Amino acid sequence: MSIVDEMYVLNNGIQIPKLGFGTFLIEDGDPVRQSVLWALEAGYRHIDTAAVYKNEGGVGQAVRDCGIPREEIFVTSKISSQIKSFGESVEAIKVSLKTLDISYIDLMLIHWPQPFGEQDDTKRYYDENQAVWRAMEEAYESGSIKSIGVSNFMEDDLEHFLPNIRIQPMVNQIKAHIGSMDFKLINYCQERAILVEAYSPFGHGEIFDNDVVKKIAEDKGVTVAQLCLRYLLQKNLLPLPKSVHKDYIFSNIQLDFVLDKNTIASLDNINS
Ligand SMILES: NC(=O)c1ccc[n+]([C@@H]2O[C@H](COP(=O)([O-])OP(=O)(O)OC[C@H]3O[C@@H](n4cnc5c(N)ncnc54)[C@H](OP(=O)(O)O)[C@@H]3O)[C@@H](O)[C@H]2O)c1
């Protein structure tokens with residue numbers, strides 16, 4: 001089976017395509033519409049956006065224009081990290097639905113536990129995130145959002161969050177790539193049936209300069225990008241590669257190979 005047909009099953013029973021297409025830093029309008037259309041043409045059926053990327057409009061346009069039935073495409077968006085109250089969250093969900101111009105969102109995430117600019121502060125926003133979550137639970141129960149989750153939540157955030165909410169998150173989207181794997185957090189989530197999505201699977205592009213990774217990819221006869229994605233899949237993570245180039249978008253999805261245990265162990269030990 002090719003990666004384009006492979007699914008993880010979330011803890012609410014919903015299927016999610018194992019590979020997603022990232023859209024961070026792709027401009028709204030034609031640029032993001034074109035990239036998403038190429039991704040869908042290549043076989044991706046899972047698109048990751050966020051309110052803060054300011055490109056939900058173009059993403060939704062591509063989903064409507066592509067000719068693929070809506071129910072075959074999985075769309076993720078995220079509530080901006082600046083939003084930390086129930087009322088604002090209800091409004092933010094409505095705005096995302098309207099901007100995407102689709103009748104439901106497959107997965108909505110809290111983008112960060114803390115507002116942008118405050119990530120290093122000691123204030124953790126435990127109560128505020130529970131208020132945001134209540135708005136997401138309501139949207140989930142109304143059917144306008146099919147699954148709900150978090151992003152950038154560390155173990156400490158989850159320790160305070162999970163016992164105090166009604167519906168457990170289906171996903172935690174975190175930074176994860178060769179050379180930057182928080183195995184403790186990944187295990188913590190996976191033990192609790194929270195799927196871990198790997199953002200920046202190429203370290204935002206920096207991995208392409210890593211000589212050790214380049215050599216391993218060369219030995220295997222695959223590209224560095226393909227090696228990065230296959231590694232994450234074999235860790236049961238869901239990678240979200242981003243590109244604006246048609247050739248990269250198409251080649252990044254060619255993942256019909258398996259890494260042996262020794263290669264995985266070598267990649268585990270790489271420090272970026
Ligand atoms: N939840 C969060 O807080 C969060 C944070 C960051 C990212 N994300 C999500 O994760 C997605 C991916 O992360 P990211 O955008 O930070 O970076 P990334 O996917 O790790 O890397 C993207 C970079 O790699 C390049 N690239 C892609 N395929 C390539 C290939 N085959 N060969 C050479 N270069 C290649 C891209 O170039 P071109 O684009 O020029 O082709 C781009 O410069 C985002 O788009 C977003 O959806 C989420």
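**Parallel sheet and the surroundings of strand β9**

Strand β9 (residues 195–199) and strand β10 (residues 238–239) pair in the parallel sense over two bridges, pairing being assigned if DSSP finds at least two bridges between two strands. Within this pair, glutamate 197 has leucine 238 of β10 as its bridge partner. The structure is a predicted model, in which local features need pLDDT of at least 70 and side-chain atom pairs count only at pLDDT 80 or more, whereas totals for chains, interfaces and linings use all residues. Residues are numbered from 1 along each chain as its sequence is written. Helices (H or I, at least four residues) and strands (E, at least two) are DSSP runs, numbered from the N terminus.

Strand β9 also pairs with β8 (residues 171–175), to which five bridges join it in parallel. Valine 171 has leucine 195 of β9 as its bridge partner. Together with helix α6 (residues 183–191), β8 and β9 form a right-handed β-α-β unit; a crossover is right-handed if, with the strands pointing away from the viewer, the path from the first strand over the helix to the second runs clockwise.

In a regular strand the side chains alternate between the two faces of the sheet. In β9, Leu195, Glu197 and Tyr199 point one way, and Val196 and Ala198 point the other way. Five of the five residues of β9 are buried (20 or more other C-beta atoms within 10 Å of the residue's own; exposed, 12 or fewer; partly exposed, in between; C-beta atoms placed from the backbone).

The open sheet has eight strands in the order β3-β4-β5-β6-β7-β8-β9-β10, with parallel pairing. Its edge strands are β3 (21–22) and β10, each of which pairs on one side only. Two bridges join β3 in parallel to β4 (residues 46–48), and glycine 22 has aspartate 48 of β4 as its bridge partner. Helix α3 (residues 86–100) packs on the sheet and touches β5 (74–79), β6 (105–110) and β7 (145–151), contact requiring C-beta atoms, placed from the backbone, within 7 Å. The direction of α3 makes about 140 degrees with that of β5; axes are lines fitted to C-alpha atoms, for helices over the stretch in contact, and angles run from 0 to 180 degrees between N-to-C directions. Helix α4 (residues 126–142) likewise packs on the sheet, touching β5, β6 and β7, and its direction makes about 160 degrees with that of β7.

Aspartate 65 lies in helix α2 (residues 56–65). Aspartate 65 counts as exposed because it has 12 C-beta neighbours inside 10 Å.

Note on methods: Two residues are in contact if their C-beta atoms, placed from the backbone, lie within 7 Å.
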